[in-house]
Amino acid sequence: MGTGAVGAALAKNLVRHGIDVQITGRDADKAQALVKALGERAHAVDTKALGQGVEVVFLAVPADAAAAVLEEARAKLAPCSPLDRALGDVAELEGDHGLALEQYRSALARDPKDSTAHFRLAVALRKMRRFDEAGLELDKIAAVKGMTPALAAKVKQELEGGPKA
């Protein structure tokens with residue numbers, strides 16, 4: 001979402017690397033022109049269909065508009081884990097860790113194997129100094145990704161690197 005300079009460049013790079021993209025925007029003509037310019041890997045979609053069958057949703061918008069655009073997207077898009085993660089990320093950037101936890105948990109309710117949501121939830125819990133809960137989320141990543149116990153322990157140690165007091 002976002003067909004300006006950043007969104008167009010992002011879409012172009014994804015297509016160049018062989019990744020299919022779904023494009024929509026508030027200006028349908030601009031979105032259609034971008035799809036045409038990018039070729040067969042780019043597809044124009046109705047906002048209601050955006051996010052279905054995708055792993056990542058990119059919103060290329062100015063930082064000060066991100067929260068409003070995400071709320072607009074939530075109203076238009078089909079519920080999906082990537083959108084919930086994006087809403088959690090914006091909440092984190094705004095320092096609202098409680099809302100971030102809610103959004104990451106919503107993402108996990110939609111897709112319990114979403115290792116990115118588990119990781120971001122663990123980071124948010126760590127910022128709130130809820131180390132034991134953060135560790136449990138990291139354990140879930142290890143189970144989902146088939147991570148070796150040694151690697152899981154190293155990731156957990158890095159994330160929990162601060163004092164527990």
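Trainee: What makes Phe-119 partly exposed?

Mentor: Its relative accessible area is 39%. Buried means under 20% relative accessible area, exposed means over 50%, and partly exposed lies in between, with a 1.4 Å probe and protein chains only. The value for Phe-119 falls in between, so the residue is called partly exposed. Before we go on, this is a predicted model: local features need pLDDT of at least 70, side-chain atom pairs count only at pLDDT 80 or more, and totals for chains, interfaces and linings use all residues. Residues are numbered from 1 along each chain as its sequence is written, and side-chain values use heavy atoms, leaving out hydrogens and water.

Trainee: Where is Phe-119 placed, and which residues is it in contact with beyond four places in sequence?

Mentor: Phe-119 is in helix H6, residues 115–127. Helices here are DSSP runs (H or I, at least four residues), strands are E runs of at least two, and both are numbered from the N terminus. Leaving aside neighbours within four places in sequence, Phe-119 is in contact with Leu-138 and Ile-141, where contact means heavy atoms within 4.5 Å.

Trainee: What joins the side chains of Asp-84 and Ser-106?

Mentor: A polar contact of 3.0 Å. The term needs a pair of N or O atoms within 3.5 Å; within protein, one must be able to donate a hydrogen and the other to accept it, and residues adjacent in sequence count only if both atoms are side-chain atoms. Not counting residues up to four places away, Asp-84 touches Gln-103, Ser-106, Ala-107 and Arg-110.

Trainee: Why are H4 and H5 called roughly antiparallel?

Mentor: H4 and helix H5 (residues 97–110) pack at an angle of about 170 degrees, with their axes 8 Å apart. Axes are lines fitted to C-alpha atoms, for helices over the stretch in contact, and angles run from 0 to 180 degrees between N-to-C directions. Angles under 35 degrees count as roughly parallel, over 145 as roughly antiparallel, 65 to 115 as roughly perpendicular and the rest as oblique. The angle is over the antiparallel cut-off, so H4 and H5 are roughly antiparallel. Among the residues making the contact are Asp-84 and Leu-87 of H4, and Gln-103 and Ser-106 of H5.

Trainee: Which residues of helix H2 are buried?

Mentor: In H2 (residues 28–38) they are Ala-31, Leu-34, Val-35 and Leu-38. Seen down the axis, these fall within an arc of 100 degrees, so they line one face of the helix; the arc is that of the directions from the helix axis to the C-beta atoms. On the other side, Asp-29, Lys-36 and Ala-37 are exposed. The buried residues pack against helix H1 (5–16), strand E1 (21–23) and strand E2 (42–44).

Trainee: What caps the N-terminal end of H2?

Mentor: Asp-27 does, with a side-chain oxygen 3.1 Å from the backbone nitrogen of Asp-29.
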